[in-house]
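Here's a two-chain walk-through to read with the viewer open. Keep the sequence handy as you go.

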Amino acid sequence: MLFFILCGFIPSAWKVVIQSSFNEFHAPLWEASSRIADLTDYWGHFSDSKKTLIEKGRDFQRISHDQYLQSSTLESQNKELHRLKMVQSELVVLQESLGLEKIKSFSPIISRITIRSITGWWQGFEIRKGRSNYLKDGMGVIFGGGVVGKLNWVGSNSSEVKMITNPSFRIVANFSGDERPVTFQGNGIAIDGSPQGIVFDVPQDIVASEKEPLLLVTTSLGGTFPDGLPIGRVFNLEGDKNGLFKSGQVFLDRKLNRLKEVTILRMDDSMP
Amino acid sequence: MKPNQSFLILLLLGFTFTILLALLNSAITRIGIFIYIPSILLFPMVVHLDRLRGSFVIFSLGIIMDTQLKMPLGFNSFSLMFFFLIAKDWFHSNEKDNASRPTFFVVSANAAMFTIWFIICSIKPQYFGSWELKTFLWNLLISSLCLILISKWFFDISLILLSSKRSMGEKMKA
């Protein structure tokens, strides 16, 4: 008990300094281990069997054909891109004339994950990029399946990401096709490894069912993420304790705790 | 062997173990398993180090674990030091021939630390994060089983390292 009392008297500034120093001290170890794992994976493929090589060749052919099909529509895509750029420039002129706040723009920064720290009380991981890539606390992190989390701590060459499943992770969101804001909060990872969250403050008229689940997406209201990135699916909504709103469980992408690479949404105004 | 040499070897062994455990946890958390076994460090330190050196090693490794596991700074270090001091008195005042007793002590200390942390999380979920009872019990069971399986092995490794260092010293003297 005496030890816990002593611990309570240590100034929090000292704790932060020590914790930050230890994080910086650990970072090269995690990076080294992650690079060794990548190298092992690379060298491991040299011993692939003929059967594996044939299978990979087949997959490569399929991807090449898909690429060929997509490149055949290149001309129409370029026209669409040109049209969108025109619309965007018109929007900027309108925003300036009305004196509205500028829409935040993001640059994608891709980074490998070095180590995951997924305990009962905390879900997060470390990545290989930090202040040297102009990353800052609070920036959003995404992957192919949607939102991953936010940057919680940024070191010189490494950063810590607080995952969307973390119980202290909260963002404003909305259901796809409905602009009313709702609150999303992380709810940990179940015993079988499935990531989960909770959605609060859902208006009474919104209904979700097993046959017609609702897709929860991000909104730009919070400033961290752009509009429309998928968060998860809701299959059931029930009345809150106060009866004014509904709440329900959000089923997130199962790949969340198996990721190897993520994209950080760096805000363009954070660049020097 | 000089006490400072044992101190350094055990500090390095403990540090390597915490790093390897973090890497293992990083790999297995994808299937929903988390292993928390800080008390495995207790027994080699109790047997091979005196109070001062042992406390220092335990405290340093505890801080490393606090940082790795995102716990409030000092939880593992102070709890481990508390159990280290109890174990030090207990080890020197009890019969040493019963091999299952140290394992029992280490598993009990681990379960106590895990439970205290769960209670703290339940009381202040807004600061430390909420944690479901089902997940806690599952993690506790897995961690205790791992501890039973590897605590003896970890102690043997410390013995091998210390005895090989001792024999190297004797050879050099000869």
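**From one serine outwards**

Let's start at Ser89(A), which is found in helix α4 of chain A; helices here are DSSP runs of H or I with at least four residues, strands are E runs of at least two, and both are numbered from the N terminus. This is a predicted model, so local features need pLDDT of at least 70 and side-chain atom pairs count only at pLDDT 80 or more, while totals for chains, interfaces and linings use all residues. Residues are numbered from 1 along each chain as its sequence is written, with chains lettered from A and ligands numbered from 1 in the order in which they are written.

Is Ser89(A) buried or exposed? It counts as exposed, because it has 10 C-beta neighbours inside 10 Å. The cut-offs are 20 or more other C-beta atoms within 10 Å for buried, 12 or fewer for exposed, and partly exposed in between, with C-beta atoms placed from the backbone.

Now jump to Arg266(A): 177 residues separate it from Ser89(A) along the chain, and their C-alpha atoms are 22 Å apart. Strand β13 (residues 261–267) of chain A pairs with β3 (residues 140–143) of chain A in the antiparallel sense, over three bridges; pairing here takes at least two DSSP bridges. In that arrangement, Gly140(A) stands opposite Leu265(A) in β13(A). Zoom out and you get a closed barrel of six strands in chain A, running β1-β2-β5-β4-β3-β13 with antiparallel pairing. Its neighbouring strands are turned by 45 degrees against each other on average, direction ignored (axes are lines fitted to C-alpha atoms, for helices over the stretch in contact, and angles run from 0 to 180 degrees between N-to-C directions).

Chain B is another story: it has seven helices and zero strands. Of its 174 residues, 40% count as buried. The largest nonpolar core has 42 residues, and Leu42(B), Met45(B), Ile58(B) and Phe84(B) touch the most other members. Such a core is a set of buried Ala, Val, Leu, Ile, Met, Phe, Trp, Tyr and Cys residues joined through C-beta atoms within 7 Å. Its largest share, eight residues, comes from α5(B). Setting aside residues up to four places away in sequence, Met45(B) touches Leu10(B), Gly54(B), Val57(B), Ile58(B) and Phe84(B), where a contact means C-beta atoms, placed from the backbone, within 7 Å. A second, separate core of 41 residues includes Val161(A), Val217(A), Ile231(A) and Val250(A).

Where do the chains meet? The contact takes 31 residues from chain A and 32 residues from chain B. On the side of chain A, α2(A) gives the most, with eight residues.

Finally, confidence. The model scores ipTM 0.78 and pTM 0.79. Chain B has a mean pLDDT of 85, with 89% of its residues at 70 or more; pLDDT is the predictor's confidence in each residue, from 0 to 100. Among the elements of chain B, α6(B) has the lowest mean pLDDT (72) and α1(B) the highest (90).

Conventions:
Contact = placed C-beta atoms within 7 Å.
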